[in-house]
Amino acid sequence: MGNLTPELSELRDETRELARSYGLDCYEVIFELVDHDELNMVASYGGFPTRYPHWRFGMEYEQLSKSYAWGLSKIYELVINNDPCYAYLMRSNSVTEQKLVMAHVYGHCDFFKNNAWFSKTSRKMMDVLANHGSHVRRYMDRYGAEQVEDFIDVVHSIDNLIDPYSPFIRRDDGARAATEDGPTVIKKIAAKDYMDRFINPPSFLASEKQRLLKEQAQQLRFPQRPARDVLKFLLDNAPLQSWQQDILAMLREEAYYFAPQGMTKIMNEGWAVYWHSKLMTRHLCDASEVVHYCDTHSGTLASRPGQINPYKMGVELFRDIEERWDHGRFGPEFQACDDPEVRRKWSQKTMQGRQRIFEVRRIYNDVTFIDEFVTPEFANAQKMFVYGTNSTTGQLEIVDRDYRKVKDQLLTALTNFGNPIIRVVDGNFRNRGELYLVHDWAGADLQLEHAHLTLHNLQRLWGRPVHIETKDGGKGRLLSHDGKEATATDITPSSLGALALGQGTLPS
Amino acid sequence: MSKVRRIDQDHTRFRKIVRGQIKQHLKQFISSGELIGKQGEKYVSIPMPQIALPKFRFGDNQKNGVGQGEGANGEPVPGQQGPGSGAAGETEGKHTLEVDVSLADLAKILGEELELPNIEPRGRKNLRASAGRFTGISRSGPQSLRHFRRTFIEALKRQIASGTYDKDNPIILPVREDMRYRSEKPREVPQASAAIIYMMDVSGSMGREQKEMVRIQAFWIDTWLRQQYQNIEVCYIVHDAAAHIVDQHTFFHLRESGGTKISSAYELCQQQIRDKYPAGEWNVYPFHFSDGDNWSSRDTERCIELLKSSILPDVNQFCYGQVKSSYGSGQFKKDLDAVFRSDPKVITSDILDRDGILTSIKAFLGGGR
């Protein structure tokens, strides 16, 4: 398997054994040696050369090829979350770079295998996507390439409307069947007769009745609970032909497969950098290669002032965690201490650093990672700041260096991969089969032009008018599309909107 | 890899969509003039927001984030454009998709949309350079050009036909008659040169918008003619009461005041043709843009005289575009029309507004001369 040269396969074996000796736990990794054009091609398909045909990949390819040709960018490494793991090495890389990339890849592979957020992803995605590809090709033959492509365009336009947490939620699908029969019976708490009016007082019964009525009202709602997985809702309820359903289901599956990579970008890259740097500097790098290695490595970690480089951020945070747990800078005692001088000198030889970072890579995602481990010292050492736009000059300006603000800003940007959170609240709005979505507005407005176009795409799937409740410039807005034209009306936040946020009381 | 790669199919499809989008929005591209300035030697970047798939996403209204680096509160984030580099507010956060399209493709699309005929070059139009490529096959030739596969196929055919082919012992021996060689096929490349002479009235009555319209039109005429001729030279003449040869930048930005004596430009044009672009070797295209006001009717007569006697015989066609301005009387076009209505070499057109550019281009280039 793979097509490595003898020299490179020897290196691979060496790297693999080293990684294993440090406790990295990887799938088998198959390295493919490719030239830059092949690499650009594979990268255009998101790493899967067998994916379904779509012009978007062609566009991606054009951009990658050009930016490679002009020397603007070069893809070093591409690794696929799959069992076995596939990774691509660029033929023109120097041996030093190949070493670095291999070590980096083993870091990623360990992360894929062990991070909890990846636990629900299919590890046979190579095959799954190849199947998707052949399905789509078959549909194109049968229903016409244009029509199928058109449908794929529409689905792509909404494929960020998924709930990345849903693979971890067990929905009780049997609930409906169980409660469907019989009128509402208020269940009393079992008690002896003489105790009954104490244990089940009228006030309790009344509140219990209220609760049941509410539950019942909920049952009548459609969907029963506001649904973040809009794709699923459409899959179950939109009037689609079977090939359309199949394509929607496939693209949804792909969206869920890629979601954890978006959720753990900083951690994943940080982890891979941590390990390539450890393996390279401790073992793999010859003295003659040091300068070349440093050059490549620093290229990876370079950060521009106005931006966060996930590689840099991730690895620094992992190293910081390791150091803190090596020196006992954790726990309630440390947290309670707010004397910076004491905190700085805090040292107990706990030496749990390595163990701790392995734990962290197992259970955290970017949001929890940042939230838990960015400390005032870390933000300070990394010279992190929040910037904003100066309204008079239009320039970006440093606003604050307070680590809480920094953290807040980072978390906001990372929440839902920087996408708006949108839920289906009503699939039978106005009792006319219209679809009502609510944007969980948290400070940032939607891009309205795009929103209208996206709404139109949703409308094409749903067949009936669709609406989305959002805010624009601080005021409530309802965007609608009935298939012919887009409209926007000012509204006051509705009970449906409140419902989406889980605050509402239901009309009984 | 001889196999058609998947990505090539997707890439072709993408280019097709791009082409379709340009065609569909050509009028808009032409009238907005946004392509000018995004043009390089061979390519032009075309902004194509239509092609990006829409998604629910956040707008650009709140630009804040986290960065790393030095600096105190209130200091600008390092590494961004400084103040005075202009238009910061215009471009911020807009990542409009831009697609590179070759000018050749763009001209082709323009031609298809406007149904422009290809130009039959005049003069030494049959002069063709041979730029041979080895695409032919011949029975004789030097050993260095021996076509291995074809030779063996011939030998195989001969052996099968003569029954000497043994499939258990498939030894194929070519003999002299089987030998095939690559041969050069001459490819004919038209060698025609063209000169475009742009003349523009820069008198006080031609405002910015008028010049912009001229500029847009000149861009598209250039694009088209460059596809029709290998060698193109462009000459710019501005005139008010007197005419000057200027460079491109000046041509579009110069603003004079004062009177208009069109004949001055025509004289200069005639002189240029005589000195630099003799009709025997050049296909000459003079374009004149003005708002139609001339100094006097005597001067108009002089212009007509110049056209008749010396310019028209030496050019492929003469185009006059009259840009509407709030001052111009538009008399000049009427005068020209009165005299040259039946002459196919003279084309006049009114450009009322930006939307009129398209029809004007069609009028100018639709004759295929």
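Trainee: Which residues is Leu4(A) in contact with, leaving aside its neighbours within four places in sequence?

Mentor: Contact means heavy atoms within 4.5 Å. In this predicted model, Leu4(A) is in contact with Ser9(A), Arg12(A), Phe31(A), Leu89(A) and Met102(A), once neighbours within four places in sequence are left aside. Leu4(A) lies in the segment before α1 (6-21) of chain A. Helices here are DSSP runs of H or I with at least four residues, strands are runs of E with at least two, and both are numbered from the N terminus.

Trainee: Is Leu4(A) buried or exposed?

Mentor: Buried means under 20% relative accessible area, exposed means over 50%, and partly exposed is in between, with a 1.4 Å probe and protein chains only. Leu4(A) has a relative accessible area of 15%, so it is buried. The C-alpha atoms of Leu4(A) and Phe198(A) are separated by 79 Å, and the two residues are 194 apart along the chain.

Trainee: What ground rules sit behind the numbering and the values?

Mentor: Residues are numbered from 1 along each chain as its sequence is written, while chains are lettered from A and ligands numbered from 1 in the order in which they are written. Because the model is predicted, local features need pLDDT of at least 70 and side-chain atom pairs count only at pLDDT 80 or more, while totals for chains, interfaces and linings use all residues; side-chain values use heavy atoms, with hydrogens and water left out.

Trainee: How many helices and strands does each chain have?

Mentor: Chain A has 22 helices and ten strands. Chain B has eleven helices and 13 strands. In chain A, 51% of the 508 residues count as buried. In chain B, buried residues make up 44% of 369.

Trainee: At what angle do helix α5 and helix α11 of chain A pack?

Mentor: Axes are lines fitted to C-alpha atoms, for helices over the stretch in contact, and angles run from 0 to 180 degrees between N-to-C directions. Angles under 35 degrees count as roughly parallel, over 145 as roughly antiparallel, 65 to 115 as roughly perpendicular and the rest as oblique. Helix α5 (residues 125-143) and helix α11 (residues 242-263) of chain A pack at about 155 degrees, with axes 11 Å apart. That makes α5(A) roughly antiparallel to α11(A).

Trainee: Is that crossing left-handed or right-handed?

Mentor: A crossing is left-handed if the near helix is turned anticlockwise from the far one by less than a right angle, and right-handed if clockwise. α5(A) passes α11(A) in a left-handed crossing. Residues making the contact include His132(A) and Tyr139(A) of α5(A) and Trp243(A) and Met250(A) of α11(A).

Trainee: How do I read the classes in that contact?

Mentor: Ala, Val, Leu, Ile, Met, Phe, Trp, Tyr, Cys and Pro count as nonpolar, Asp, Glu, Lys and Arg as charged, and the others, Gly among them, as polar. The contact of α5(A) with α11(A) has ten nonpolar, two polar and three charged residues.

Trainee: Which backbone feature marks Asn416(A)?

Mentor: Asn416(A) has a positive phi of about 50 degrees although it is not a glycine. Asn416(A) sits in the loop between α20 (403-414) and β6 (422-429) of chain A. At 12% relative accessibility, Asn416(A) counts as buried.
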